[in-house]
Every structure is written in structure tokens, then in C-alpha cells.
Amino acid sequence: MAASFEVLRKEFCEYLQSYMKTSDTATLQKKCSELCSSEKDRKPAIDQALRDTLMTILTKNPKNTKALESYINFCIDICRKELTNISVAVMLLSDIFDTLTLDRCEELFTYVENNVNIWKEEIFFSACKNNLLRMCNDLLRRLSRSQQTVFCGRILLFLAKFFPFSERSGLNIVSEFNVENVTEFGTEKSQKEDAQQMEVDEEKSDSKTPIDFNLYRQFWALQDFFRNPNQCYNKMHWKVFSAHASNVLLAFSSFKLEDQKDCKVDYSKLDISFDGIHKDAIYFAKYLTNEKLFVLQLADSNFRRYVLLQFLILFQYLNSTVKFKSETHELKPDQVEWVNKTIDQVFTLLAETPNDGPAFSDAVRHILKREEFWNSWKNEGCPAFKRPAPDCAESEDNRKPKKSKRRIGDIIRDTQAKGQFFMGNVELTKLWNLCPNNLESCKSKDRDFLPSLEAYFEEAIEQLDPAAQIEDEYKKVNDGNFGWRALRLLAERSPHFFVHGNYPINKLPEYLEMMIKKIAKDKPVQVEVKQDSEGTPQQEQVEQEYSEEIIKQETETSTVKPKIISRISHKLVEKLAENLKNHWDKLATKLGYTNDEIAFFRKKTTPYEQCQEMLAIWTEEDPDASLENLKSILLELNHTEALAIIEADST
């Protein structure tokens with residue numbers, strides 16, 4: 001097996017060197033398949049052949065970056081043809097970076113940045129992401145963060161473009177701090193050695209605030225709190241931090257900086273060239289901490305901005321809700337008040353710091369506001385950012401060819417020809433064409449959905465019978481929806497609803513049971529027709545299927561006897577007809593008569609006869625015809641005289 005692998009490797013090396021010049025991957029694919037049909041044997045041999053070819057290129061001309069880029073492009077094409085493993089191209093890139101100097105690496109890394117879309121392709125991403133991350137980390141270990149700061153930033157930006165936001169390897173999920181970033185500064189020993197020199201420097205300095213070793217030590221001691229803010233939740237550490245911060249900010253407030261634009265200097269008298277000095281901003285990855293430089297650093301506007309920005313970042317963390325914070329990591333009310341007051345002081349100092357202090361202060365506010373959203377995103381577990389999928393219905397509608405819209409005038413003309421209406425809305429057009437007269441449609445008897453007491457409580461009455469053996473939890477009276485509708489129906493149509501009782505009931509099911517028993521008593525007796533042995537029909541009264549025990553319980557729970565529904569006498573109908581003859585049509589509508597029925601009553605000669613006929617038929621045929629219902633309807637129509645007639649008749 002080893003011998004066959006070596007033979008394949010050598011032959012593939014020859015093929016690669018010949019086809020690499022022409023970049024003819026199609027012919028190479030055909031030759032490789034002819035040479036070795038087994039994919040398991042072919043891919044490892046081609047992988048090794050690619051590595052050997054790369055070594056040849058690096059040996060002959062290691063400074064030819066273009067040749068290396070062309071070779072990687074050739075390898076990418078081979079990977080897409082599935083002649084070799086997908087991760088080979090990135091592995092070869094990693095080998096190249098390992099052999100080149102840092103200057104050459106920075107030059108070649110431009111190729112990696114420009115082809116980020118290739119690495120993000122589905123065929124390469126899953127197979128190469130770990131190799132790319134390892135390659136970038138190896139480069140970062142070789143670089144100096146203080147000397148090659150720009151190259152380090154380019155690598156980090158590439159990783160940010162390559163990986164999605166929710167990639168765990170690029171997120172500080174548990175909010176850890178870089179505690180290894182220790183800032184060393186002068187000690188008490190160095191103070192004694194340079195005491196005399198410091199005194200001379202202070203005498204020569206024109207600053208309003210004397211710079212002593214205590215301020216220097218307090219200033220650089222704050223860096224320990226900036227690298228690990230959780231120390232501020234400790235009581236003793238908080239006292240140290242708050243004292244140092246107050247003194248440093250006080251020194252900043254008293255040591256004002258002048259805007260460089262306001263300094264008028266005649267540079268023509270000086271033999272100095274300033275061309276290109278201010279074209280590129282000067283950046284320091286980390287400042288020196290020698291106490292002799294402290295006065296100069298305080299006079300530097302950029303230095304002051306960096307320190308004030310560190311304060312704001314620390315304060316935002318202390319006030320923010322972080323998922324992985326300990327329960328004890330919470331500021332007390334007096335500490336929160338001090339932090340808020342100090343934040344205002346820091347922003348004031350930022351606005352006073354030249355150049356363009358107000359603009360810089362506003363930009364910092366905006367950045368910190370955006371950080372709050374990122375903090376909330378991390379607290380939610382860093383969910384993936386995905387574009388919402390397009391609605392299937394909308395996509396199908398977009399695919400369909402759009403029909404030309406008809407003119408609104410043509411649509412209205414066609415609908416009017418059919419005797420219909422067009423309202424501009426499908427539902428409105430449908431409703432309007434059901435009945436052209438909306439008022440008549442609302443008054444229609446079909447819209448009266450109020451059921452009768454016997455029909456609504458029929459099932460509940462049957463469930464009260466012990467013979468039915470219905471458990472309490474399955475009874476209708478224990479259903480909240482049934483109870484709510486039952487109360488509304490009882491208030492509308494039951495004579496027992498507004499009757500005062502001696503026994504107050506706390507629970508709705510108990511009250512409904514009592515009312516259902518009363519309704520069952522008032523229920524008309526059913527008549528069952530049977531035939532005897534000779535075939536003659538006989539009528540037999542069927543008693544209500546309620547035991548004596550239920551009736552006994554009813555008499556024990558309530559002393560109020562149920563009222564019998566008051567029927568309307570013929571004499572009262574005549575009196576009401578005389579009073580309501582001029583307004584009987586409105587009353588007929590309220591009683592539930594249709595337009596056709598009202599037209600039938602109008603065939604009578606006089607309004608009195610029309611009203612009398614209408615009331616007589618209602619009292620005889622309507623099951624809900626009672627004095628109580630008639631009173632409520634007359635009260636709604638404001639017929640006070642008719643109500644007085646009913647009251648006089650009842651007394």
C-alpha cells in the first residue's frame with residue numbers, strides 16, 4: 001500500500017506541474033480518474049502532491065507572492081472538482097504563513113482578506129473554518145500587539161467578516177476580562193531616588209496643579225480596576241477606586257488644555273518642515289508609565305480622552321445587567337448615585353478636551369448606547385442573525401402575472417346594472433348586498449338570537465336529576481361560560497332573577513341550581529299519548545322527572561314562592577290598543593314581527609283594529625308573552641301612559 005501511494009504521489013506531482021501552468025483542471029480531473037479510480041487512494045496522494053509542489057515553489061522563488069496566490073487559486077479549483085479534501089487550500093495557506101517572514105505574511109494576508117467570500121461558501125466554510133481560525137491565531141501569536149497593531153487589527157477584522165455574529169468562538173459569552181494585561185509603574189523606591197529631580201520639574205512646570213507622586217500613583221493604580229471591574233463590588237476596593245477616581249478627575253478639571261487651533265505661532269521664522277505631520281493620527285497601543293513623563297501625558301488631549309473613555313466603559317459595566325454577573329455584584333444606592341454624578345463630570349471633561357470636544361463626546365454617547373443593545377443580545381444567549389423568510393403567499397403572488405386593473409367606473413356601472421352595490425371592499429360589498437336597507441336588516445327577527453329559558457336550561461335541568469348520575473365537575477352549572485350567559489338570560493326573561501331571597505348564595509353554581517329548579521317547576525306539563533290494547537288513544541299526564549328530595553331541598557333553601565308568569569287579559573289588550581293605536585308599528589317591530597306580518601296587520605280598517613289584532617296574536621302565540629316582558633318593551637319605547645294602564649289593571 002505504501003509503495004502504491006508513493007507511485008501515485010510522484011505521478012500526481014508531474015501532472016500538477018504540467019497542468020498548473022495552464023490551469024486546466026478539467027483535463028487534470030480526467031487524468032487523475034484514469035490513473036486511480038479509488039477516491040480513498042486518490043485524495044491522500046493528491047494532498048501530498050500539492051504539498052510537495054508548494055515546497056518546490058517556495059524553494060525556487062519564496063518572494064514571488066503572485067506565484068503563491070496563483071497556486072492557491074489552482075488548489076481552490078481542484079477542491080471544487082472534489083479531487084482532493086476541501087480543507088487542503090487553507091492548510092497550504094497555513095504552511096505558507098509558517099515559512100514566510102512577518103512582512104511577507106502581511107503582504108500575502110491581503111489575498112486572504114480579498115477572498116473572504118470564497119471561504120464563506122458552503123463547500124468551504126464548514127470544512128475550513130477551524131483551519132482558518134487556527135491559522136489566524138498562529139499569526140496573532142507571532143505578532144507584537146504594540147509593534148504590529150495594524151496587522152493584528154486586520155486579522156481580527158477578517159475573522160469578524162468571516163464568522164457570523166453568533167459564532168461562539170468569537171464571543172466573550174461569560175464576560176471574562178483580560179486580567180493578564182498588567183500595568184507596571186513606579187514604586188516608592190523609585191520615588192526616593194528621583195525625589196530631587198521631581199522637585200526641579202515641578203518648579204519648572206507652569207501647571208496650576210502640582211504633580212506629585214501620590215497623584216501619579218493613584219492615576220496608574222486605576223488601570224488595575226479598568227482591567228478587572230469586578231473589584232469595585234468589594235467594599236474596600238470601592239473606597240480605593242472612588243478616592244483615586246475623584247482625585248484624578250479633579251486634576252483633569254484644574255489642568256485645562258488649550259486648543260491647538262488657538263495657538264498662533266509664526267512657523268515661518270522656524271527652520272522646521274511640518275509637511276505630513278498631522279496627516280496620520282498618532283496611535284499608542286500602550287503608554288509608558290515613567291513618572292517623569294506624567295506631566296507631559298496630562299497635557300496630551302488624546303491621552304486624556306483615552307483615560308476618560310476608560311472611566312465611561314467601567315461605569316457602564318457597573319450599571320449594566322450582565323447575565324453572568326454574580327448575585328453579589330450589585331452597586332448600592334449611594335454608589336449608583338456617585339457613578340451617575342461622575343459620568344456627567346466625565347462627559348463634561350470630554351466636551352472641554354480639544355479638539356472638537358463636543359462632537360467627540362456625542363460620538364462616545366452614541367457608541368455606549370449601541371453597546372447596551374449588544375449587551376442585551378449577549379444576555380439572550382447570542383441568537384443567530386437571520387433574515388426573515390419571505391412569505392410563501394407573497395412569493396406566489398409575485399410569480400403570477402399581474403392582471404390589468406379595471407376602472408372603478410366600469411365596476412360600479414356593472415354592479416348597478418345587476419341591482420347591486422359596490423363599496424370598494426369585499427366584505428362591505430357582501431354585507432351591503434345582503435339587504436339594501438340596513439335598518440330593516442338590523443330589525444329582522446332573524447337577528448334575535450336570544451333563546452327561551454326552557455331551551456337553554458334543558459340540558460342543565462336533565463343533569464340535576466339524580467337518576468342521570470352526572471358528576472358535579474361535568475355539570476353545566478360549573479361551566480363559567482354557561483354561567484355567564486345564564487345570568488344574562490335570567491335577567492332578561494326570568495321572573496325569579498330580581499326576587500329577594502332570605503338565604504344569600506356565595507357561589508354561582510349553587511345559585512344556578514336553585515334558579516334551574518324554579519324554572520323546572522314552571523315548565524309546562526308534557527302530555528304523552530298511548531294506545532290501549534283495543535287501539536283507543538288515551539292521554540296520560542307525565543310527571544316531571546324530579547324526586548321529592550329535590551323539591552324538599554328547594555323548599556328548605558328558599559322561602560320565596562315562584563311567581564307564575566302573568567298573562568295578558570283580553571280587556572287589557574283592548575285598553576292598550578286604544579292607547580297605542582298611533583304607534584303600534586314600532587311596538588310590533590320590538591315584539592319581533594317581520595315586515596310582511598306588519599303589512600298583514602295594516603289590512604285592518606282602523607289603527608285600533610290593527611293594534612288590537614297585533615297584541616292579541618302576540619299574547620296567544622308568543623311563549624314569551626307576559627306582562628313583565630311587555631313592561632320592559634314599553635319602558636324602552638317610553639310609553640308611560642301604557643305602563644300606567646298596566647299598573648292600574650294589575651292593582
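**Exercise 1. At what angle do helix α13 and helix α15 pack, and how far apart are their axes?**

This is a predicted model. Work through the helix pair in steps.

- Step 1: locate the helices. Helix α13 spans residues 235–254, and helix α15 spans residues 301–319.
- Step 2: read the geometry. The two pack at an angle of about 145°, with their axes 12 Å apart.
- Step 3: α13 and α15 cross in a left-handed way.
- Step 4: list the contact residues. α13 supplies Trp238, Phe241, Ala245, Leu249 and Phe252. α15 supplies Arg304, Val307, Leu308, Phe311, Leu314, Phe315 and Leu318.
- Step 5: sort them by class. The contact has 11 nonpolar residues, no polar ones and one charged one.

**Exercise 2. Describe how helix α4 meets helix α6.**

- Step 1: locate the helices. Helix α4 covers residues 65–80, and helix α6 covers residues 102–114.
- Step 2: read the geometry. Their axes come within 11 Å and cross at roughly 40°.
- Step 3: name the arrangement. Angles under 35 degrees count as roughly parallel, and 65 to 115 as roughly perpendicular. The crossing is at roughly 40°, so α4 is oblique to α6.
- Step 4: The crossing of α4 past α6 is right-handed.
- Step 5: list the contact residues. From α4 come Thr65, Leu68, Glu69, Ile72, Asn73 and Ile76. From α6 come Arg104, Glu107, Leu108 and Tyr111.
- Step 6: sort them by class. Five are nonpolar, two polar and three charged.

**Exercise 3. Is threonine 289 buried or exposed? Find its surroundings too.**

- Step 1: Threonine 289 sits in the loop between α13 and α14 (294–298).
- Step 2: apply the cut-off. Buried means under 20% relative accessible area. Threonine 289 has 16%, so it is buried.
- Step 3: list what it touches. Leaving out residues up to four places away in sequence, threonine 289 touches Thr183, Glu184, Phe185, Gly186, Tyr216 and Trp220.
- Step 4: A polar atom of the threonine 289 side chain lies 2.6 Å from the backbone oxygen of glutamate 184.

Conventions: Residues numbered from 1 in each chain as written. Predicted model: local features only at pLDDT ≥ 70, side-chain atom pairs only at ≥ 80, totals over all residues. Heavy atoms only, no water. Axes fitted to C-alpha atoms, helices over the stretch in contact; angles between N-to-C directions. Helix = DSSP H or I, 4+ residues; strand = E, 2+ residues; numbered from the N terminus. Left-handed = near helix turned anticlockwise from the far one by under 90°. Contact = heavy atoms within 4.5 Å. Nonpolar A, V, L, I, M, F, W, Y, C, P; charged D, E, K, R; others polar. Buried < 20%, exposed > 50% of the residue type's maximum accessible area, 1.4 Å probe, protein only. Polar contact = N/O pair within 3.5 Å; in protein donor to acceptor, adjacent residues only side chain to side chain. Parallel < 35°, antiparallel > 145°, perpendicular 65-115°, else oblique.
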